[in-house]
Amino acid sequence: MSVSVLFVCLGNICRSPTAEAVFRGRVQAAGLQDHIRIDSAGTGDWHIGKAPDTRMQRAAARRGYDLAPLRARQVSAADLNAFDYVLAMDHANLRDLRALGQGSARLELFMNFHPQAPVQEVPDPYYGGEDGFEEVLDLVEATSDGLLDALRARLGR
Ligand code: 4NP
């Protein structure tokens, strides 16, 4: 049995690629890479084909995550059937995903999987300062732990 997860933000150059890389690291550390498929996408089309934002890459690299190989893509209606979980970084992303139509995926906020859920959204760091990128990493790391626990329960592993 396997399960698939798609992380979605606006540009697919800051938050969702970070979630992809951090969660992939957690999954590999747990030895579950053959059972959990991971991808990320953006609701917008401005950055298609681009590598993650260099500010996000640098902040992630300081914690040992390599975002450099990732390239932005835009989410599509087909994704809502191609993944088991489609996890939105904020409410606007969730609304834009719902506007694509109905699918079989479980569509919800990524932060629902945070063990304490201190906030509902991963704030968009694009127009802010360096602190915003650290906050993205803090929230994504903690939520990835909760998400891994939930998927392990589902997989029975
Ligand atoms: P992301 O951040 O949604 O976390 O990738 C953003 C990236 C780009 C823009 C907004 C947010 N933008 O307006 O271009």
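**Around the ligand**

Visitor: How far is the polar side-chain atom of Arg 15 from an oxygen atom of the ligand?
Guide: A polar side-chain atom of Arg 15 lies 2.7 Å from a ligand oxygen. Keep in mind that this is a predicted model.

Visitor: And how much of the ligand's accessible area does the protein cover?
Guide: On its own the ligand has 350 Å² of accessible area, and the protein covers 93% of that.

Visitor: Where does the ligand sit?
Guide: In the largest pocket.

Visitor: OK, what about backbone atoms? How far is Leu 10 from a ligand oxygen?
Guide: A backbone N or O atom of Leu 10 is 2.9 Å from an oxygen atom of the ligand. For Cys 14, a polar backbone atom lies 2.9 Å from a ligand oxygen.

Visitor: Which residues are around the ligand?
Guide: Cys 9, Leu 10, Gly 11, Asn 12, Ile 13, Cys 14, Arg 15, His 47, Asp 124, Tyr 126 and Tyr 127.

Visitor: How does that shell divide into nonpolar, polar and charged?
Guide: It has 6 nonpolar, 3 polar and 2 charged residues.

Visitor: Switching topic: how many salt bridges does the count come to?
Guide: The count is 11.

Visitor: Why are Glu 20 and Arg 24 separated by about one helical turn?
Guide: Because they are 4 residues apart in helix H1, which covers residues 15-29. As for the pairing, side chains of opposite charge can pair when their charged atoms come close.

Note on methods
Residues are numbered from 1 along each chain as its sequence is written. This is a predicted model: local features need pLDDT of at least 70, side-chain atom pairs count only at pLDDT 80 or more; totals for chains, interfaces and linings use all residues. Side-chain values use heavy atoms; hydrogens and water are left out. A residue is near a molecule or strand if one of its heavy atoms lies within 4 Å of it. A polar contact is a pair of N or O atoms within 3.5 Å; within protein, one must be able to donate a hydrogen and the other to accept it, and residues adjacent in sequence count only if both atoms are side-chain atoms. Accessible areas come from the Shrake-Rupley method with a 1.4 Å probe; for residues, only the protein chains shown count as cover. On a 1 Å grid over the protein atoms alone, a cavity is a set of points where a 1.4 Å probe fits but cannot get out, and a pocket is an open set with protein on both sides within 12 Å along at least five of seven lines; lining residues have an atom within 4 Å of a point. A molecule sits in a cavity or pocket if more than half of its atoms lie within 2 Å of its grid points. Ala, Val, Leu, Ile, Met, Phe, Trp, Tyr, Cys and Pro count as nonpolar, Asp, Glu, Lys and Arg as charged, and the others, Gly among them, as polar. A salt bridge is a side-chain nitrogen of Lys or Arg within 4 Å of a carboxyl oxygen of Asp or Glu. Helices (H or I, at least four residues) and strands (E, at least two) are DSSP runs, numbered from the N terminus.
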